[in-house]
Amino acid sequence: RHIGRRVNVYWDFEKQWFSGEISEVAKSVSEITGGVRAHVRYDDGESRWEKLWEMDYDLLGVSGAGPSGAVKAEVIVKQEED
């Protein structure tokens with residue numbers, strides 16, 4: 001549902017925000033966190049799976065979100081087909 005949406009992700013270890021696009025989402029295999037992983041294609045060419053529940057991020061273009069457009073990963077859930 002949010003595939004193709006722009007996202008800004010804060011990388012703590014680099015102390016910097018990076019912009020990219022969500023290309024795929026998947027439920028985490030961890031039953032403990034119940035989090036969502038998002039595959040992000042960053043504008044600088046890097047592409048990687050991110051555990052958004054562990055990171056600060058802004059999902060851009062979401063109405064009703066806070067002033068920065070931030071929402072939490074729970075809205076980016078792709079239903080897995082059996």
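How many aromatic pairs does the structure hold? The structure holds five, where rings of Phe, Tyr and Trp (its six-membered ring) pair if their centres lie within 6.5 Å, with planes under 30 degrees apart counted as stacked, over 60 as edge-to-face and the rest as tilted. This is a predicted model, in which local features need pLDDT of at least 70 and side-chain atom pairs count only at pLDDT 80 or more, while totals for chains, interfaces and linings use all residues. Residues are numbered from 1 along each chain as its sequence is written, and side-chain values use heavy atoms, with hydrogens and water left out.

Two of the pairs involve Trp-11, as tabulated here.

| Pair | Centre to centre | Angle between planes | Class |
|---|---|---|---|
| Trp-11 and Phe-18 | 4.7 Å | 40 degrees | tilted |
| Trp-11 and Tyr-42 | 5.2 Å | 85 degrees | edge-to-face |

The pair of Trp-11, in strand β1, and Tyr-42, in strand β3, links parts of the chain 31 residues apart; strands are DSSP runs of E of at least two residues, numbered from the N terminus. Trp-11 is buried at 4% relative accessibility, as are Tyr-42 at 5% and Phe-18 at 13%, buried meaning under 20% relative accessible area with a 1.4 Å probe and protein chains only. Ring pairs join Trp-11, Phe-18 and Tyr-42 with Phe-13 in a cluster.

Arg-48 lies over the face of Trp-11, at 4.8 Å from the ring centre, whereas the charged end of Arg-37 sits over the ring of Trp-49, 4.7 Å from its centre; the criterion is CZ of Arg within 6 Å of the ring centre and within 35 degrees of the ring normal.

Key:
Buried means under 20% relative accessible area, exposed over 50%, partly exposed in between (1.4 Å probe, protein chains only). Helices (H or I, at least four residues) and strands (E, at least two) are DSSP runs, numbered from the N terminus.
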